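The structure comes first, followed by the points grouped by topic.

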Amino acid sequence: MSVIASNNQRMKFPEVNAERRDFLRKVEEKWQRRWEESGLFEADPDPSRPKFFVTFPYPYINSFPHLGTAYTVLRVDILARFKRMQGFNVLFPQGWHATGGPIVAAALRVREGDEKQIRILKSIGIPDSEIPKFRDPEYWVEFFRKGFKQDFSRYGLSIDWRREFFTTYLNPPYSKFIQWQYTVLREKGLITRGSHPVVWCPKEHKVVGDHDRPDEYAGIGPERVVIIKFKGEDGLVYPCLTYRPETVYGAVNIWVNPESKYLVAEVDGEKWVIGEYGARELADQDHSVKIVGEVKGSELVGRFARNPVTGWRIPVLPAYFVQADAGTGIVMSVPAHAPYDFAGLEDLKKDPYLLEKFGLDPAILDAVRPVKLIDVEEYGGLPAEEVVRRLGVTSQFDREKLEEATKEVYSKEFYKGVLKPEVFGERWGGRKVFEVKEDVVENLVSRGIALRHYTLPSPVYCRCGARTHVKLVKDQWFLRYSDPEWKRRAHECIDRMRFVPEEVRQEFHRLVDWYEDWACTHERELGTPLPWDERWVLESLSDSTIYMAYYTLAKYLQHPEKYGIDWSKLNNEFFDYVLLGKGDPGSVAERTGIPKELLEEMRKEFLYWYPVDMRVSGKDLIGNHLVFFIMHHVAIFPEEHWPRGIGVNGWVLVAGKKMSKSAGNFILLREALEYWGADATRFAEAYAGNSGLDDGNFEPEVASKAVDLLYEWYEFAVNNYGKGDENRRFVDDWFESVLYRTLEKVTKEYEELNTKNVLVEGFFNLQNAYRWYVKRRGGTANKEVLKKFVEIQTLILAPITPHIAEEIWEATGHKEFISRTSWPAVDKSKIKDEVEKAESIVVKLYEDIQEVLKLKKSGVERITIVAPSKWKYGFLEGVKRRYSTYGKLSQAISETIKEVEPSLKPAAGQLASLIQKNPEVLDLLVSPEAEQKALSDALEFLKDSLGVPVELVAEEELRENPRARTTLPGRPSIILS
RNA sequence: GCGGGGGUGCCCGAGCCAGGUUAAAGGGGGCGGACUCAAGAUCCGCUGGCGUUGGCCUGCCCGGGUUCGAAUCCCGGCCCCCGCACCA
């Protein structure tokens, strides 16, 4: 069992044969060492060979890789190994991603002694004594970088480690590369500035990222809302904050919290009543706010204001669910559609004292009646009322249920709700909420009734203790993804690329269209500073776009000890030259101190490897990283360097469920490697699924089983290679045909990265075919055929289970690494349709005899198989030919009968009805010689396996037997006696 | 709601685009047998129902349709998963 301790109960792995597993692991270590020693996967430019450049998106290194990471990266490795065997010069590099907030946030939590964070670290096997080191973000990067590399190596990935690197300023040459990229983008006018909402700490005057706040506030960000201004009869503006501005048409009162304090403030020249929080937030979102006084909520109750769109005179009423310190502190009441509002009104109706205590006459409610604005099929009456009653909401204080109710009504109405024409008129009536919402807002804003605003959906506190709010920062940098010309080039690139599976191509087109400008910088996260404005750091997705180009240079840049490159001298001219071919290498050499020859070598290296041939990724990156990958390539590089292919796969489920710690099926790669070893884990991962958006399924049973399967294959291969006899029989042709046909199929499946199909066709089915072959041959095999089988089977397995394949290859006397051995060519001359068909006649015959014998039960002494007369083959041939042209079987038969010589007509009539009863014989039709050969070759086998003597007799010799006359090509009669 | 992917036998899963060779590959699990002192491993068989000559019936989410023929094509419906953004 795993030595890794876990607080969560992990599933028990199915039992594995430890002896065999240990053998496999020893083999794995041996070959990993040899690969490394020989530099097998270190790929350098070689103009004499075609290149193939594959990449796996660098993982974020805040933990160890798990089976999900392992699933996708294995597909990259399988492709790399397959292509390598096909004769390509394959480059498979790997880097690590450290840019962004989570590592910084996690390190801070460790520093604060956050128990949850520490538990996470312990659960992945970090000893207590090591925990303090994780207070430092840099240690995380270093630690998990090593962990990833170790796991990937032990997994047997064929990576060129000389090109390894990690991101952020911690790696200066990479940082320079990123800065070069952004300089180029800026020069091309693809970077712009604008305002952008952020979570802001008013005390420390800084942006509050996830790492600046206690864990419970993580992930909460600014949300778009609208403030609608209701003019009070007291001359004040009542700013109602809402997520659903369209419902202002049904606002029948205003809510304030009578127990809270409000401010009177001059906002953009108008006098507003507003909560203190709202005033602060407004001031930070481009509004002038001057506080001029204070007012108690209770004083506001009973006043009147005008609904700005309907003109209704509506009262200000007390509600306790309103929070003065959130939003503006004032909300409009739409009791037909908002459960809180409905519940608030109900409370007032039920208990007149709630109004009386503010000196109000409960009759004030008479005019406050819900107005229905939106139709949704599910709700016949008032949606808010129905949901409130169904969920059993008791009062406005029943928060939990009201939240649920609000969520339900909101989402149903937003997506399915249709605006009532009698309220919304021609412009919006009859249309769906989500379609017109923006237009409604636009309209309200342009009429000066409303303003756009950002706020937080719930309070967020900064680490320093201060309450945060949303501020609009003005100098945020954006990538201009909305640029039509940029999009056009991206579409062009997508049109030319290869996608596996093909379905995702359209998805990329759609995504490119949908993208708007992207805020590409953050403050105080790990990353690379913006070159022209260094207080900003490039955000994580934005710095991971064209780094595959960096792999071609990393060999030089990451190894100053070997090439003597001075990082501090790297500049934009350097990258301009090596990546874009701009400028003069001589002057670049002077400026950077890099010899001209070396610069030219680097330029050549880039030109040799680029573009990326295939980037394989999980489907989770389709909507973000992979789009960026395309966008930035088309922006920066000439067309010949645009990406050539993207392969996508689903998640991997473990034992049929999404991997999660609570489900107990969260498995780290290192745990799997320890328990099953690399090859068996790889086998099970490859068997988990094919290309496509469907999720794969890693079954632990398969991994355990794979240990046996691989071990047995090793034993078989080693013990049987070179064994066998010299006899050449019909079944030998058959098995050879199957062998090469399988190879042909498998080659196609590898091209499409359908790894599961590879194993089904290329391993399980082939193994079963071999079993049949041996059985058919009475327990023997032909020496040459057996040799070919061992070789091809091992070669087929090599990309998936390379270690054991190497071991077998060596043990069977091959000198070269199997990893470097040519993928076998399909010998088409060996693929014989007729032979395979003839053998399937035997298979079918065998099964049929068994079935008949089972039913017969009583003693059978002899089985006679009736070989059909020759003319029947000719007849079937005629029928088959005509059937394929006419498409009608009956017509094909009657036409054929006409041609039969008169003496055979009666027999032909009987034959015709047999064909109609058994049309499958048309597909099994082979020449009489082939069928004869197959059947006579099978006699011995039939006799042995059925335990009854079997003879093959020509139809002509059994004229008196009615059953003999019904014998058909492809379906010889069986006579039991 | 929009966009994408799905729903296949005890479980997983191929097939579907290009309809027939499909009672439906392959794997897992289960059951039985051989071997063994025994367990494991391995090998063989069974794993929808009925049937004493290779057959019949039922069957691929549900309901219709096209066709000589549908798991596959068309129409309608139900259900599940993923994405809908400032970020790994």
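**Helix packing and selected residues**

In this predicted model, helices α6 and α22 are roughly perpendicular to each other. Their axes come within 10 Å and cross at roughly 65 degrees, and an angle of 65 to 115 degrees counts as roughly perpendicular.

**The α6–α22 pair**

- Helix α6 spans residues 172-187, and helix α22 spans residues 625-636.
- The crossing in which α6 passes α22 is left-handed.
- On the α6 side, the contact is made by Trp-180, Gln-181, Tyr-182, Val-184 and Leu-185; on the α22 side, His-632, Ala-635 and Ile-636 take part.
- By class, six residues of this contact are nonpolar and two are polar, with no charged residues.

**The annotated site at Lys-661**

- An unreviewed UniProt entry places the feature "binding site" at Lys-661.
- Lys-661 sits in the loop that runs between β26 (657-658) and α23 (669-676).
- The relative accessible area of Lys-661 is 32%, so this residue is partly exposed.

- Ile-103 belongs to helix α3, which covers residues 102-111.
- With a relative accessible area of 0%, Ile-103 is buried, since buried means under 20%.
- Apart from neighbours within four places in sequence, Ile-103 is in contact with Tyr-60, Ile-61, Asn-62, Ala-98, Pro-137, Trp-140, Val-141 and Leu-526.
- Ile-103 and His-633 are 530 residues apart along the chain, and their C-alpha atoms are separated by 28 Å.

Definitions and conventions: Residues are numbered from 1 along each chain as its sequence is written. Chains are lettered from A and ligands numbered from 1 in the order in which they are written. This is a predicted model: local features need pLDDT of at least 70, side-chain atom pairs count only at pLDDT 80 or more; totals for chains, interfaces and linings use all residues. Side-chain values use heavy atoms; hydrogens and water are left out. Axes are lines fitted to C-alpha atoms, for helices over the stretch in contact, and angles run from 0 to 180 degrees between N-to-C directions. Helices (H or I, at least four residues) and strands (E, at least two) are DSSP runs, numbered from the N terminus. Angles under 35 degrees count as roughly parallel, over 145 as roughly antiparallel, 65 to 115 as roughly perpendicular and the rest as oblique. A crossing is left-handed if the near helix is turned anticlockwise from the far one by less than a right angle, and right-handed if clockwise. Contact means heavy atoms within 4.5 Å. Ala, Val, Leu, Ile, Met, Phe, Trp, Tyr, Cys and Pro count as nonpolar, Asp, Glu, Lys and Arg as charged, and the others, Gly among them, as polar. UniProt positions are given in the numbering used here, feature names are shortened, and annotations may be inferred rather than shown by experiment. Buried means under 20% relative accessible area, exposed over 50%, partly exposed in between (1.4 Å probe, protein chains only).
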